[in-house]
Structure formats: C-alpha cells, structure tokens
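Please look over the sequence and the model first, and then read on.

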Amino acid sequence: MTYRKLWIQGEKELHIAGIEEAKLDAWYLLEFVTGFRRIEFFSREQEEVPQQILTSYQKQIAKRACRIPLQQLIGSQEFMGLEFLVDENVLIPRQETELLVEQCGKFCKGKRVLDLCTGSGCIIISLKKLYEVSEAVAVDCSKEALAIAKKNGERLETLIQWLNGDLFEPVEGRFDIIVSNPPYIEHEKIHFLMPEVRDHEPVLALDGGEDGLDFYRRILKEAKNYLVSGGYLFFEIGSNQAKAVEELFEKYDYEHIQIKKDYAGLDRIIYAKSKN
C-alpha cells in the first residue's frame, strides 16, 4: 500500500460514511499520522506505507467515519491564527466566533475583560494575545474545560486568571468588558444537530434551555454588578435570537445596542453599553 493509495482509500471510506469533506479530512488525518506536509507527501506518495502508520491511519479513519470530529482526533483547531488544543470537554472553536473576538477587540486595549463560559479559552486568549487587554479573567463551570483552557493559555503564553464556577459565582470586582459565547441551542433542537456536535461535543456548552435564552437572561440580570460605568457586554447569539436578546438588553437598561452579522450574512454578535 503506497501513501497515495492509502489517502484514496481513506477518502473513499469517509465518503461512504457521509463525511462532507471526505478528501480534506482524509488528508488531515494522513498529515497527522505521518507528520508529512504536502511537499513531502508528493515526493513520497509512491513509497510503501510502514505497517505501524497503516494501522494508525486506518484507526483514525474509522473513528472519523463514526462522526468523531476531526478536531478531536488531531487534538487542535486553529482560531484567530492561533492553535488551540481541544477534546471532548470543550466546544470546538468556530469561525463565526472570530467575529465576536474582532468586534470585542476594538474596545479592549488597556481594558479589564471577563470571559464567561470560556470553554477552550479561545476568546479570552485571543483577546489577550492580539488586542492588548490589560487584565483577563475567564470562568467556566466545567473543571475539565478549564484544564484545557489553562493548557492553551500556557502554550500561547498568556497571563489569564482562570476561575471555576457558575457564571458570576466566583467573580470579584468590576470589568470594562464582559464577553460570552454561552450555550444558546434550544433544548429540543439538540437532537437534530449534526452527529459530530450532538454526540461528541459537550451538551453543557450547547443547551440554552427551552428557548435557548437561559444564559442571556442570567448574565444580563447580574452583569451590571460586574461592569464599570459605561462598560460593554458582548454576546455571540444564534441566528434567530437577535430580537429576543436585544429586548433583554433593553429590559436591563443598556444603550447603543449593536447587532453584527457573520460571514454568512446571519445575525451572530450583539453588544451594548451599560448606562450605570
């Protein structure tokens, strides 16, 4: 079996399993198992594959065919040009969340920032690394998620205070900015998500309650106790939640409410300024 034939075989197996990006995923798994980059692969594609690599690759392909996310198999995901470790305990960073970081980052220079539901830490680490945040604090209720976030912080050489607890429970002091990508999937819709998400990413990071708005309500109810006067609150939202979350901002007396669309033209980010 040559490397070229092995890649083709992997692609076929993933295609049969219904993997949309079968060829690309088969390549990434080959790259992961062999350590090859494309230039090296093309110079060695007709070589015979050692048995150890053959066995390892076939195991990875079988796992991907069972809809285990590619990112969990290779253990990382790129976000904002940085590489983040991921596993089954954290939500895999999405491209649309980069927009949240970019919007929030415009206000972050020299500021004190709190990240709620931090997960892998991709939001707060990116803000600290790329936007000159002066002090960064991150909270998650999952100890397992925080362990991954801490590893990411160490690998990317960012100084962040990591807190374990339920939203504001372990938080002290006030912040210039609070940012969150909270669970926002409606409970009854989780069953209909892609198998990669439904079966392999943490439900804790997905389930936003009956209408998907539980965490927005909880955060907005308390946030002003932790924001400085004129501080900003940023959220990622589901594409059909802008109006409902905007009404919650109004209920809790925020001003200058802004809604931003993602790269697909869907409502994805909402933020506003505290009046107090």
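Predicted model: local features only at pLDDT ≥ 70, side-chain atom pairs only at ≥ 80, totals over all residues.

Residues are numbered from 1 along each chain as its sequence is written, and side-chain values use heavy atoms, with hydrogens and water left out.

Helices (H or I, at least four residues) and strands (E, at least two) are DSSP runs numbered from the N terminus. The expected span of a helix is 1.5 Å times one less than its number of residues, so the 13 residues of helix 2 (residues 22-34) should span 18 Å, in agreement with the 18 Å between its end C-alpha atoms. Buried means under 20% relative accessible area, exposed over 50%, and partly exposed in between (1.4 Å probe, protein chains only); among the buried residues of helix 2 are Ala-22, Trp-27, Leu-30 and Val-33. With contact meaning heavy atoms within 4.5 Å, the buried residues of helix 2 pack against helix 1 (3-16), helix 3 (38-44), helix 4 (51-65) and helix 5 (70-74). After helix 2 comes Gly-35, whose phi is positive, near 80 degrees.

A disulfide is counted where two cysteine sulfur atoms lie within 2.5 Å, and the count here comes to 0 disulfides. The sulfur of Cys-104 is too far for a bond, because the closest cysteine sulfur, in Cys-108, is 3.7 Å away. Cys-104 counts as buried, at 0% relative accessibility.

Rings of Phe, Tyr and Trp (its six-membered ring) pair if their centres lie within 6.5 Å, and planes under 30 degrees apart count as stacked, over 60 as edge-to-face and the rest as tilted.

| Pair | Centre to centre | Between planes | Type |
|---|---|---|---|
| Phe-107 and Tyr-232 | 4.7 Å | 45 degrees | tilted |
| Phe-107 and Tyr-271 | 5.7 Å | 65 degrees | edge-to-face |

Phe-107 lies in the loop between helix 6 and strand 3 and Tyr-271 in strand 9, so their pair ties together parts that are 164 residues apart in sequence. Phe-107 counts as partly exposed at 26% relative accessibility, whereas Tyr-271 counts as buried at 8%. Elsewhere, Trp-7, Trp-27, Phe-41 and Phe-42 form one aromatic cluster.

Arg-268 also lies in strand 9 (residues 267-274) and is buried, with a relative accessible area of 8%. Its contacts include Glu-96, Tyr-184, Glu-236 and Asp-262.

Terms used:
Lists of a residue's contacts leave out its neighbours within four places in sequence.
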